[in-house]
Amino acid sequence: MKARVTVTLKSGVLDPQGKAIEGALRSLGVEGVASVRQGKVFDIEVESGDRAKTEALLKQAADKLLANTVIENYRVEVLG
Amino acid sequence: MKAAVLVFPGINRERDMARTLRLVSGREPAMVWHTEPELPAGTDLVVIPGGFSYGDYLRCGAIAARSPVMDAVRTFADRGGLVLAVCNGFQIACEAGLLPGVLMRNQNLRFICRDVYLRVETSNSPFTRGYNAGQVIKVPVAHGEGNYIADSETIARLEGEGRVVFRYSSPDGMVDPNWNHNGAINAIAGIVNERGNVLGMMPHPENHVEAAIGSTDGYDLFAGLTDHLAKAA
């Protein structure tokens with residue numbers, strides 16, 4: 001199964017990279033951007049065909065390694 | 001002192017660290033590869049050195065923190081063993097859960113490589129017994145992610161329990177945003193764990209131990225540790 005884990009910074013955590021991107025967009029003349037937060041996307045292929053098992057596995061992967069839950073949130077999506 | 005210096009792929013400060021340990025303690029440290037499930041018998045100090053373990057992939061220190069040797073380090077620290085974690089080592093220690101908080105990208109987004117001043121906040125630690133509280137030392141930093149943060153509850157605990165050991169300061173010991181190079185919360189440069197046996201710090205005391213370099217301000221950290229371990233033995 002194909003799946004995706006999206007990791008984003010928790011609100012309130014300063015994101016200097018997002019701020020820099022925000023500034024760059026503004027200087028490129030891309031108008032109307034209120035704010036930018038940078039995150040990470042992991043596209044993962046899982047051997048199992050079982051949806052619940054895949055979700056559990058990805059949750060484990062995110063908790064153990066992909067996200068640092070002190071500063072980050074994550075979202076697991078099974079794409080099928 | 002029977003020190004073990006951990007070696008991960010991408011680490012590049014382990015030889016500076018080994019040289020300093022040898023110079024100050026007179027004993028050769030063991031170099032321990034990250035796949036080792038155990039530390040050498042009799043180890044009384046574990047050093048997690050600086051560098052760029054796993055190319056800083058994913059998050060600084062994240063992958064190194066999950067290597068087999070870190071399980072051994074966790075057991076060692078749980079038994080009260082001393083762990084000195086410098087720079088990438090500090091990031092690894094945080095990722096491994098040995099220390100609270102996270103080292104984020106420097107506030108100015110630049111890699112900072114320069115000498116900085118640190119105010120020693122306490123001499124009541126095996127790591128700082130060679131200094132006086134309030135003393136200012138000059139040591140180098142070299143990092144892009146040294147901006148320490150933690151949730152407000154953790155920061156309050158660290159401050160309340162006197163676990164902030166080093167703070168970025170001016171040469172005369174004033175804590176001021178202009179001297180807080182990476183934007184760390186409360187200008188935190190180094191902290192210890194609850195038990196006080198694990199120190200994480202971004203600056204590199206191991207690089208200022210010889211007069212030929214221009215400053216020997218890092219020497220007393222290692223001399224204090226050597227002395228502490230000699231007395232404990």
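**Close-up 1. Strands β10 and β11 of chain B run antiparallel and are joined by 3 bridges.** Here β10 covers residues 188-192 and β11 covers residues 198-201. Within this pair, Ile191(B) sits opposite Gly200(B) of β11(B). Strands (E, at least two residues) and helices (H or I, at least four residues) are DSSP runs numbered from the N terminus, and two strands pair if DSSP finds at least two bridges between them. This is a predicted model, in which local features need pLDDT of at least 70, side-chain atom pairs count only at pLDDT 80 or more, and totals for chains, interfaces and linings use all residues. Residues are numbered from 1 along each chain as its sequence is written, while chains are lettered from A and ligands numbered from 1 in the order in which they are written.

Close-up 2. Contact between two residues requires C-beta atoms, placed from the backbone, within 7 Å.

**Close-up 3. Chain A carries an open, antiparallel sheet of 3 strands in the order β2-β1-β3.** The edges are β2 (40-45) and β3 (72-78) of chain A, each with a single partner strand, so one side of each is left without a neighbour in the sheet. Neighbouring strands are turned by 20° against each other on average, direction ignored. Between β1 (residues 2-9) and β3 of chain A there are 7 bridges in the antiparallel sense, and Thr8(A) has Asn73(A) as its bridge partner in β3(A). Helix α2 (residues 51-66) of chain A packs on the sheet, touching β1, β2 and β3 of chain A, and its direction makes about 155° with that of β3(A).

**Close-up 4. Where the chains meet, 8 residues of chain A contact 10 residues of chain B.** Helix α1 (residues 16-27) of chain A supplies the largest share of the chain A side, 3 residues. The predictor gives the complex an ipTM of 0.86 and a pTM of 0.94.

Methods:
Axes fitted to C-alpha atoms, helices over the stretch in contact; angles between N-to-C directions.
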